[in-house]
Amino acid sequence: MRLSDLLQTIQPVRITGNTSMEITGVNIDSRLIGTGHLFMAMRGTQTDGQAYIPAAIDKGAVAVLCEELPEELKAGITYIQVKDSEDAVGKVATTFYGDPTSKMELIGVTGTNGKTTVATLLYNTFRYFGYKVGLVSTVCNYIDDLPVPTEHTTPDPITLNRLLGEMADSGCKYAFMEVSSHSIAQKRISGLKFAGGIFTNLTRDHLDYHKTVENYLKAKKKFFDELPKGAFSL
């Protein structure tokens, strides 16, 4: 995919370099970068991807997306400066993997407790009635009946869009996904189109991250506020 096509869903602050090049992969982990890739230097809660730009270029990245341009711009490398790297990463990943949620109905389940139970029950019910279905869950991800190991309730944007892309390519018509408050706050679901959202409950939890119950509630509410027009909410 051409870099220019990959950037259509975001609004860069500045672009330095050629955007007509072919991009063979996208990633936020410099260790997974290969020749022809776009490295997206995301500002995370644990590490700052900006620090790994040189390592990504050494491994073959031909383009870099970041919030702050490096002091020294390397010849032959295209730099895309964005205001919000977390938001941009999800949108670029969605585009690279063929906008998978435009090809199936994605339903998000959020809440303190019960996400896994509700999402899994829906997945099993739809499969029982003969539908090809995907599941993104704390316990295990599934592409119809194929299990895919998971490490997080809601994966990072690259892993998530790749997984959803595989679901769409395999013919899944529906997908049920646990949506954690962390993933909402960190914009891991940016760029995805939800057909609906389900709320289970809210109790005191994750205050080590959100600091207050109000912030925790706002993260959950943000998911429903940003559902597209016509989506359902329960």
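Because the model is predicted, local features are reported only at pLDDT of at least 70 and side-chain atom pairs only at pLDDT 80 or more, while totals for chains, interfaces and linings use all residues. Residues are numbered from 1 along each chain as its sequence is written, and side-chain values use heavy atoms, with hydrogens and water left out.

**Pockets**

A pocket here is an open set of points on a 1 Å grid over the protein atoms alone, where a 1.4 Å probe fits, with protein on both sides within 12 Å along at least five of seven lines, and its lining residues have an atom within 4 Å of a point. The volume is the space filled by probe spheres set on the points, which are joined across faces, edges and corners. In the table, Ala, Val, Leu, Ile, Met, Phe, Trp, Tyr, Cys and Pro count as nonpolar, Asp, Glu, Lys and Arg as charged, and the others, Gly among them, as polar.

| Pocket | Volume | Lining |
|---|---|---|
| Largest pocket | about 1100 Å³ | 12 nonpolar, 14 polar and 9 charged residues |
| Second largest pocket | about 300 Å³ | 7 nonpolar, 2 polar and 6 charged residues |

Of the 15 residues that line the second largest pocket, Ile189, Ser190, Gly191, Leu192 and Glu226 are the closest to its centre, and α3 (85-96) and α8 (213-225) each supply at least two residues of that lining. Helices (H or I, at least four residues) and strands (E, at least two) are DSSP runs, numbered from the N terminus. The largest pocket is lined by 35 residues, with Ile28, Asp29, Met42, His152 and Asp156 nearest its centre, and helix α5 (residues 157-169) gives the most to this lining, with 6 residues.

**Serine 190**

Serine 190 lies in the loop between α6 (181-185) and β11 (196-199), and with a relative accessible area of 8% it is buried, a term that means under 20% by a 1.4 Å probe on protein chains only. Leaving aside residues up to four places away in sequence, serine 190 touches Asp87, Gly90, Lys91 and Thr94, where contact means heavy atoms within 4.5 Å. Although serine 190 and lysine 91 are 99 residues apart in sequence, their C-alpha atoms are 5.8 Å apart in space.

**Strand β7**

In strand β7 (residues 133-136), Val133 and Leu135 point one way and Gly134 and Val136 the other, and all are buried. Two strands pair if DSSP finds at least two bridges between them. β7 runs parallel to strand β10 (residues 174-178), joined by 4 bridges, with leucine 135 opposite phenylalanine 176. β7 is antiparallel to strand β8 (residues 141-143), joined by 2 bridges, and a hairpin connects the two through 4 residues.

Notes. Buried < 20%, exposed > 50% of the residue type's maximum accessible area, 1.4 Å probe, protein only.
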